[in-house]
Amino acid sequence: MAKLKGLKCRECGRQYPATPVHVCEFCFGPLEVDYQYEALKGVVTRESIAAGPPSMWRYKDLLPIEGEVAVGHHVGFTPLIRAQNLAEELDCKEVWIKNDSVCHPTWSFKDRVVAVAVTKAREFGFDTVACASTGNLANSVAAHAAEGRLKSYIFIPADLEQGKVLGTLVYNPTLVAVHGTYDEVNRLCSEIADKYRWAFVNVNFRPYYSEGSKSFGYEIAEQLGWRTPQHIIVPCAGGSLITKIWKALKELKTLGLIDGPVKTKMHAAQALGCGPIVTMIKNDSDVLRPVRPNTIAKSLAIGNPADGYYAYKVAKESGGHGEHATDEEIIEGMLLLARTEGIFTETAGGVTVAVTKKLIETGVIPRGESVVISITGNGLKTPDALYERLEAHVKIKPSLSAFDRALADLKNQAS
Ligand SMILES: *Cc1c(COP(=O)(O)O)cnc(C)c1O
Ligand SMILES: [Zn+2]
């Protein structure tokens with residue numbers, strides 16, 4: 001089945017064969033993978049998907065892989081959890097957590113995009129992969145390169161969290177720490193990508209890489225019984241994930257896999273210290289003003305997001321909105337999710353929870369509607385954000401009487 005039509009310019013619509021290119025030669029617009037949807041209709045069915053593996057590869061027919069899957073065979077199909085406790089706390093009827101902080105080799109949704117990009121790099125015969133990263137992508141590219149026996153060059157801002165640095169180095173890539181912001185790292189990587197024949201997953205492989213994020217959207221719909229929720233809250237860095245969840249829902253509609261129209265409102269979540277996409281949404285302006293990031297949500301700290309304009313358009317087109325979260329609100333969000341649902345997410349998840357809370361409180365999300373909160377990364381990777389906040393309640397000598405006294409003190413304090 002020839003499912004790929006090729007690549008298509010998002011701006012002028014010009015078509016290109018599916019090769020490792022990412023920019024339109026005519027208008028410099030970004031290229032996107034285009035499929036033969038007519039040929040896929042009736043071939044990709046609810047049943048064919050259900051018969052697939054319990055991973056993102058159950059949607060392989062809708063991803064730009066033509067041969068066999070090379071790496072990340074077990075990525076995805078993460079839990080969608082009905083969050084009753086959090087719903088009570090937020091006073092909202094139907095709250096779901098799409099928990100992408102588990103069931104991934106490197107505990108973030110980036111394993112979805114990297115599994116596609118690295119497989120595609122192998123298909124095109126590359127022997128080296130690379131990326132510019134705010135942390136999670138670094139972990140994932142290094143891990144999948146190791147699995148696929150490829151060389152890897154990983155570029156990060158030098159001030160990343162230790163957990164993210166260690167979680168990259170362990171796979172033995174070449175890690176390059178750049179003294180600068182992510183946006184400076186990214187600019188450098190564009191120049192390197194022009195000079196060396198490497199598969200930069202989020203530069204020259206961006207059209208393929210970003211398609212991996214669609215699986216996050218497919219899973220939500222399938223796990224809800226082929227239904228779409230009324231709201232999805234998505235943390236935005238480069239702005240790709242939110243656009244691809246939207247693309248995924250629309251594709252399912254095109255293929256007749258979901259009943260009724262797609263009425264999901266897509267909401268963008270960003271930190272106040274780096275929220276250029278949300279600022280566009282709030283100002284109702286399609287002009288992105290780059291910012292210099294200053295936030296504890298480092299995985300989202302992209303001041304000049306590549307897909308910022310498209311992320312803004314998705315929020316608008318879907319009738320969604322966006323909100324910023326302060327560093328304090330981010331920490332409160334992390335603690336709220338942990339306390340109510342037993343899920344430890346990283347700072348990006350704190351942003352999403354905090355933003356959901358605000359959107360409910362301000363009435364943007366009506367309390368009777370269904371909400372999916374995207375939890376995209378694991379809290380054990382960013383403990384730095386919480387070290388100063390959390391401490392053992394009781395410190396005692398190893399004796400029963402010491403414990404009895406401490407317990408009595410605790411009860412006194414509580415009453
Ligand atoms: C990269 C990342 C995002 C956002 O991804 P984009 O597609 O670049 O907007 C969200 N959450 C986490 C944890 C990430 O690492
Ligand atoms: Zn073009």
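Which residues form one aromatic cluster? Here the members are Tyr153, Phe155, Tyr196, Trp198 and Phe200. This is a predicted model, in which local features need pLDDT of at least 70, side-chain atom pairs count only at pLDDT 80 or more, and totals for chains, interfaces and linings use all residues. Residues are numbered from 1 along each chain as its sequence is written, and side-chain values use heavy atoms, with hydrogens and water left out.

**Aromatic pairs**

- Rings of Phe, Tyr and Trp (its six-membered ring) pair if their centres lie within 6.5 Å; planes under 30 degrees apart count as stacked, over 60 as edge-to-face and the rest as tilted.
- By this rule, there are eleven aromatic pairs.
- Tyr153 and Trp198 are stacked, because their ring centres are 4.2 Å apart and their planes stand at 10°.
- This pair links distant parts of the chain, 45 residues apart: Tyr153 belongs to strand β7 (residues 151-157), and Trp198 to the loop between α7 (182-195) and β9 (199-200).
- Tyr309 and Tyr310 form an edge-to-face pair, with centres 5.2 Å apart and planes at 70°.

- Buried means under 20% relative accessible area, exposed over 50%, and partly exposed in between (1.4 Å probe, protein chains only).
- Trp198 is buried at 13%, while Tyr153 is partly exposed at 26%.
- Tyr310 is buried at 12%, whereas Tyr309 is partly exposed at 29%.

**Charges over rings**

- A charge sits over a ring if NZ of Lys or CZ of Arg is within 6 Å of the ring centre and within 35 degrees of the ring normal.
- Arg10 lies over the face of Tyr310, 4.2 Å from the ring centre.
- Arg58 has its charged end over the ring of Phe77, 4.0 Å from the centre.

Notes: Chains lettered and ligands numbered in written order. Helix = DSSP H or I, 4+ residues; strand = E, 2+ residues; numbered from the N terminus.
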